[in-house]
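Keep the 3D view open as you read.

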Amino acid sequence: YPHSLRNIDELCASIVRSHRETSQYRVEELQALRWKLFSREEIQTYQTKSVDEMWQHCAIRLTDAVQFVVEFAKHIPGFRMLSQNDQIALLKTGSMEVVLVRMSRFFNTENNTVFFDGKFAGTEVFKSLACGDLIAAVFDFAHGMCALKLTEQQIALFSALVLINADRPCLEDRGKVQRVQRSVELGLTHILHRDNQESLMHKLYQRMAVLRSLCSLHMEKLRWFSQRYPLTAHSLFPPLYKELFA
Ligand SMILES: COc1ccc2c(n1)CCN(C(C)=O)[C@H]2C(=O)Nc1ccc(OCc2ccccc2OC)cc1
């Protein structure tokens, strides 16, 4: 249990603060855009991009989001007490999961669109990626997250728990990660108890299982893409995307 925190309230407050400060976009800001959709011509432009061009386009934008998740992780009490290798191992497997949790805050369930390039895009915009199953799974996951109607504080604690996972592969000091994970779990149960929503806990664990399968689908697609377009994947993708996902 990180000695620097006197109580669970302080732990929750620091995770919520870090979530807010590393959110890249505020929910209110993007809610104003939720009905700003792409025109037929704009959709055509995305659909006529080559597979590698569209993958590069998305990888660059998603790397933006990943950078903010790395910042978020650094302010989770106890994360910096872990070894460098364990911090990287947790981010390697957890950062895309947190991006997808955060992405659900910028999803419009009424017209099944997600924030992308300044407007809200339906699945058809991503057709040239040639991975409709990944996009369908991303949209389904976002729907499932929206259905839980989590508050920003609940999303903050849930995101921290997604990241601090002692079951991740190749951890050097699993025990240490377990101690940090347990304190974050305490924080999440504390928040849900305070909100009188303990029933959400098992739904959140179910969401974590879906998230794991969604991210292994992303890795599988990325492997397929890197084999087919080695040049793009190795020299045109943002270094952080390659470092974490390739
Ligand atoms: C944290 O929440 C958010 C929400 C939205 C955005 C961001 N952050 C960052 C800034 N951003 C911009 C600038 O558009 C948004 C974005 O990247 N949107 C977006 C990108 C790709 C999408 O599907 C393709 C795809 C999905 C999963 C895995 C691989 C994929 O393709 C290879 C769908 C939407």
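A salt bridge here is a side-chain nitrogen of Lys or Arg within 4 Å of a carboxyl oxygen of Asp or Glu. By that rule the count comes to ten salt bridges. One of them joins Glu42 and Lys119, whose closest N and O atoms are 2.9 Å apart. This pair links distant parts of the chain, 77 residues apart: Glu42 sits in helix α3 (residues 40–47) and Lys119 in strand β3 (residues 119–121). Helices (H or I, at least four residues) and strands (E, at least two) are DSSP runs, numbered from the N terminus.

A word on the ground rules. This is a predicted model, in which local features need pLDDT of at least 70 and side-chain atom pairs count only at pLDDT 80 or more, while totals for chains, interfaces and linings use all residues. Residues are numbered from 1 along each chain as its sequence is written, and side-chain values use heavy atoms, with hydrogens and water left out.

Now turn to helix α7 (residues 152–163), which packs with helix α1 (residues 8–21) at an angle of about 100°, their axes 9 Å apart. Axes are lines fitted to C-alpha atoms, for helices over the stretch in contact, and angles run from 0 to 180 degrees between N-to-C directions. The angle therefore makes α1 roughly perpendicular to α7 (angles of 65 to 115 degrees count as such, under 35 as roughly parallel, over 145 as roughly antiparallel and the rest as oblique). On the α1 side, the contact (heavy atoms within 4.5 Å) is made by Cys12, Ile15, Val16 and His19, and α7 brings residues including Ile155, Ala156 and Leu157. By class, this contact has seven nonpolar, two polar and one charged residues. In this scheme Ala, Val, Leu, Ile, Met, Phe, Trp, Tyr, Cys and Pro count as nonpolar, Asp, Glu, Lys and Arg as charged, and the others, Gly among them, as polar.

Helix α4 (residues 51–74) also packs with α7, at an angle of about 90° and with the axes 11 Å apart. That makes α4 roughly perpendicular to α7. Here Val69, Phe72 and Ala73 of α4 meet Ala156, Ser159, Ala160 and Leu163 of α7. No charged residues take part in this contact, which has six nonpolar and one polar.

Grid points are joined across faces, edges and corners, and a volume is the space filled by probe spheres set on the points.

The largest pocket has a volume of about 640 Å³. Of its 35 lining residues, Arg61, Leu62, Val99, Met103 and Phe115 are the closest to its centre. Helix α4 gives the largest share of this lining, eight residues. The lining divides into 25 nonpolar, five polar and five charged residues.

The second largest pocket holds about 310 Å³ of space. Among its 14 lining residues, Gln31, Ser104, Arg105, Cys146 and Leu150 lie nearest its centre.

Finally, the structure holds one cavity of 30 Å³ or more. The largest cavity has a volume of about 50 Å³, and its lining includes Leu100, Met103, Ser104 and Phe107. Its largest share of lining, three residues, comes from α6.

How values were computed
On a 1 Å grid over the protein atoms alone, a cavity is a set of points where a 1.4 Å probe fits but cannot get out, and a pocket is an open set with protein on both sides within 12 Å along at least five of seven lines; lining residues have an atom within 4 Å of a point.
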